[in-house]
Amino acid sequence: LTVHLEVVKNLSKERVVNEIMNTYLNGASEPKGISYGELPEELGKIPCYRPNKPRLDFITKHLKQPNWITDLGCNAGHLCFALQKLGHRVNGVDNDWEAIKTAKLINDFLKVKNFFYNQDITMYENKSPIVLYLSSFQWIVQQQGLPHAIKHLKKLREGKCELLFFETSGSDSKAPLRQADSKEWIDSLLKECGWQIIDCEQLKAETGGNRYIYALDKKNNRL
């Protein structure tokens, strides 16, 4: 244990970048070393599929003060690290061990106190008042079915979460959810699960389609 802590304490940028570039961060069907979102600038320019800024701008305009946030489907922690820099306490959860291992490595390199968990996000017991649920819902639908994914959205509402940021992809995803091409369908889904829509913006997806990111509140709702 002492040896392990000494190694972690002295992590170099070169070692961390080398680990990232040799890791499948989006499954073995994708190239190694490409993060889903932008990783911390302290690591240099790591290839990524999409910039953080559009989603980060939407999220932060609803956060008036530092808070406790959980990112369900965090990948290698790109938004976790960005939010931590803004003063938030952040947990990241993902069922992809390679992505979580990378997030923990970056965490140690930066010497910050985010917490990362390798777990099925539908089984994670959330205790934070703010939750990010971005581009994960369609994967739950693909892997466990739409009824299970809906049940999880309702479970989040019944728990500690007071503010939910939600985004799902449609037919342009590698886990296509064709119903989500329709904003009306997403609106109806969220209301069925007891969430009140505070705000919504359209985002241009890197795959060419449109996506919608929501800020959701459970106040004044009854299932």
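At what angle do the axes of helix α7 (residues 146-158) and helix α8 (residues 183-192) cross? The legends below start there; the model is predicted.

**View 1. Helix α7 meets helix α8.** The two axes cross at roughly 55°. They come within 9 Å. From α7, the contact draws on L146, I150, L153 and K154. From α8, W185, L189, L190 and E192 take part. Six of the residues in this contact are nonpolar and two are charged, with no polar ones.

**View 2. The seven-stranded open sheet.** Strand order is β5-β4-β3-β6-β7-β9-β8, and the pairing is mixed. The edges belong to β5 (115-118) and β8 (196-204). Each edge strand has a single partner, so one of its sides is left without a neighbour in the sheet. On average, and ignoring direction, neighbouring strands are turned by 15° against each other.

**View 3. Strands β6 and β7 side by side.** Strand β6 (residues 130-134) and strand β7 (residues 163-168) run parallel. Five bridges join them. V131 has L164 of β7 as its bridge partner.

**View 4. Helices on the sheet.** Helix α4 (residues 78-85) packs on the sheet and touches β3 (68-72), β4 (89-94), β5 and β6. Its direction makes about 175° with that of β4. Helix α8 lies across β7, β8 and β9 (210-217). The angle between α8 and β9 is about 25°.

**View 5. The buried side of helix α3.** In helix α3 (residues 53-60), the buried residues are R55, L56, F58 and I59. They span an arc of only 160° around the axis, which places them on the same side of α3. An α-helix has 3.6 residues a turn, so residues three or four places apart point the same way. The buried residues of α3 pack against β2 (48-50), α4, β6, β7, β8 and β9.

**View 6. Helix α2 against helix α5.** Helix α2 (residues 13-21) packs on helix α5 (residues 97-110) at an angle of about 170°. Their axes are 10 Å apart. That angle makes α2 roughly antiparallel to α5. On the α2 side, K13, R15, V16, E19 and I20 make the contact.

Definitions and conventions:
Residues numbered from 1 in each chain as written. Predicted model: local features only at pLDDT ≥ 70, side-chain atom pairs only at ≥ 80, totals over all residues. Heavy atoms only, no water. Axes fitted to C-alpha atoms, helices over the stretch in contact; angles between N-to-C directions. Helix = DSSP H or I, 4+ residues; strand = E, 2+ residues; numbered from the N terminus. Contact = heavy atoms within 4.5 Å. Nonpolar A, V, L, I, M, F, W, Y, C, P; charged D, E, K, R; others polar. Pairing = 2+ DSSP bridges. Buried < 20%, exposed > 50% of the residue type's maximum accessible area, 1.4 Å probe, protein only. Arc of directions from axis to C-beta. Parallel < 35°, antiparallel > 145°, perpendicular 65-115°, else oblique.
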